[in-house]
Amino acid sequence: MDIRRVAYDHPDAVKLDGEVQAEYDRRYGDGGDATPLDPADFLPPNGLYLIAYDEQGVPVASGGWRRQDANAQGNLDGDAELKRMFVLEQMRGRGLARRILAALEEDARAAGRVRMVLETGTAQPEAIALYTSSGYEPCEKFGYYRFHEESRCFAKKL
């Protein structure tokens with residue numbers, strides 16, 4: 001797999017974002033993730049967005065992080081928020097998410113972030129398993145969905 005840095009508004013990123021939104025809608029029935037995101041959120045040194053491409057150059061997985069500091073939504077100074085981790089169904093089970101996660105953690109650490117945080121939900125047991133097996137622990141809820149019963153938040157010191 002070829003993992004590349006791309007802009008969040010790159011056509012391949014937009015395509016994969018549509019796929020992840022459809023998956024969220026299937027799992028939660030709510031039309032997808034309503035968290036506000038701006039392509040500028042993922043511009044270095046305040047963030048990064050990655051896409052994994054298969055041998056034919058087809059985008060098959062994505063993930064990004066964006067800088068967060070203490071705010072009214074429960075973030076803390078030094079946070080890096082993980083966003084849009086996704087692997088196409090036919091490419092799952094090959095370690096792509098784990099590779100993207102490691103690259104994002106390394107980049108956030110190099111950018112001076114001290115904690116990686118993420119929000120997922122109860123209808124995503126595979127995501128919860130990935131994060132807990134990668135050293136993430138439950139943390140106080142933050143972000144757009146912090147008051148939703150299905151929301152689960154995790155953090156890991158970088």
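## Sheet

Leu48 stands opposite Trp65 of strand β3. Strands β2 (residues 47-53) and β3 (residues 59-68) pair in the antiparallel sense over 7 bridges; pairing requires at least two DSSP bridges between two strands. Strands (E, at least two residues) and helices (H or I, at least four) are DSSP runs numbered from the N terminus.

The model is predicted: local features need pLDDT of at least 70 and side-chain atom pairs count only at pLDDT 80 or more, while totals for chains, interfaces and linings use all residues. Residues are numbered from 1 along each chain as its sequence is written, and side-chain values use heavy atoms, with hydrogens and water left out.

The open sheet has 7 strands in the order β1-β2-β3-β4-β5-β7-β6, with mixed pairing. Its edge strands, β1 (2-5) and β6 (137-138), each pair on one side only.

## Helices on the sheet

Helix α1 (residues 11-28) lies across β2, β3, β4 (79-87) and β5 (115-121) and runs at about 85 degrees to β4. Angles run from 0 to 180 degrees between N-to-C directions, and axes are lines fitted to C-alpha atoms, for helices over the stretch in contact.

Helix α3 also packs on the sheet, where it touches β4, β5 and β7 (151-157). The direction of α3 makes about 160 degrees with that of β5.

## Helix pair α2 and α3

Helices α2 (residues 96-110) and α3 (residues 125-133) pack at an angle of about 50 degrees, their axes 11 Å apart. The two are therefore oblique to each other (under 35 degrees is roughly parallel, over 145 roughly antiparallel, 65 to 115 roughly perpendicular, the rest oblique).

Ala97, Arg98 and Leu101 of α2 make the contact with Leu130, Tyr131 and Ser133 of α3; contact means heavy atoms within 4.5 Å.
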